[in-house]
Amino acid sequence: MFAGLLLASTALASSQALAQQKTLYVAGYGGSYEQTMRKEIIPPFEAKSGVKVEYVAGNSTDTLAKLQAQKGAQQIDAIIVDDGPAYQAVSLGFCGELAPGDVYKDVAPVMKFSSNKAVGIGMVATGFMVNKKAFEGNKWPIPTSWADLKDPKFKQKIVIPPINNTYGLHALIAEAQLAGGGEKDIEPGFKAFKSEINANVLAYEPSPAKMTELFQNGQAVFAVWGSGRVKAFADTGFPVEFIYPKEGGYALGTAACPVAGSKNEKEANAFLQHLLSPEIQVTLAKGAGTGPANMTVKLAAEDQKGLPYGDLAKTLKAVDWDTANAKREEWTKRWNREIER
């Protein structure tokens, strides 16, 4: 009888614990990044915190749109987005204050937000992805300049994400800068795409899965993409390589923030600090191809390949996000009207 009561008591306690277990909703990137999160980053956090994590995959603009739609009744507790959309999320009031944590003293200054409402958790570079086998077969030199996107021999062979994706926006700014413009004078970028690059573009593709598919079936051989995405693709054995353009690639910070008004504010902050811990920073470098934000992290030589780490990180350009974010909606409407019709 005592044993029966004990079993019943244990079962009741177990069911109550399950009923009380919190669920943390984290919105972040899809593709190879999502796989790394689900397999290697979320499980150890769940084990040590007792919190269940639901991962909501989507690109940065998708995540920002979800926050807009759920304004006043947020269902997402933490977000992982590109640096530009992160600044937008902060300015729109979607990000809450970061809770104090020892790990923040180890974060590189360039990865910190002055608002203390978001933090960089890693960095990738925007540059080129090429199919090495296809280039060797055609006896083509590897592209070295943003101007190479205009080369007519690449007609219908290039894939570039649209400009609501940071990789595509970087390409537009790069083309503007080539002709003496930039964030404050984007006109040369639009002109280059409209008159010289558009004919070479097979697709303006935002989906990582479709991007890799276009390379795998041989339709595309050249793309504007991120170093982390290219590393993950190369790790599958496909013959792609990441190229840093001679004018400079662009730094794309990966940032995270706890969502303001979250019912799980404490757990959201704990998850962000988990992402910045040295062991998880190494996991992100190996699995997601992001250069570490935590300055105490040292990567082995074999893990540094293709990553913006050390001297390579210093060569990258930064976007003037104050200017770009103020104009981004206008640019996107124009892009949809004039370029991606």
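A disulfide is a pair of cysteine sulfur atoms within 2.5 Å.

The model on screen is predicted: local features need pLDDT of at least 70, side-chain atom pairs count only at pLDDT 80 or more, and totals for chains, interfaces and linings use all residues. Residues are numbered from 1 along each chain as its sequence is written, and side-chain values use heavy atoms, with hydrogens and water left out.

**Stop one: the disulfide.** Select cysteine 95 and cysteine 257. The structure holds 1 disulfide, and it joins these two residues, with an S to S distance of 2.2 Å. The torsion about their S-S bond is about -70°, so the disulfide is left-handed. Cysteine 95 sits in the loop between α4 (83-91) and β4 (119-131), while cysteine 257 belongs to strand β9 (residues 250-258), so the bond ties together parts that are 162 residues apart in sequence. Helices (H or I, at least four residues) and strands (E, at least two) are DSSP runs, numbered from the N terminus.

Are the two cysteines buried or exposed? Cysteine 95 is buried, at 4% relative accessible area, and cysteine 257 is buried at 1%. Buried means under 20% relative accessible area, exposed over 50%, and partly exposed in between (1.4 Å probe, protein chains only).

**Stop two: asparagine 325.** Select asparagine 325, in helix α13 (residues 321-338). Asparagine 325 counts as buried because its relative accessibility is 17%. Now show its contacts (heavy atoms within 4.5 Å). Leaving aside residues up to four places away in sequence, asparagine 325 touches Gly84, Tyr87 and Gln88.

**Stop three: tryptophan 140.** Select tryptophan 140 together with asparagine 325: they are 185 residues apart in sequence and 37 Å apart in space, C-alpha to C-alpha.
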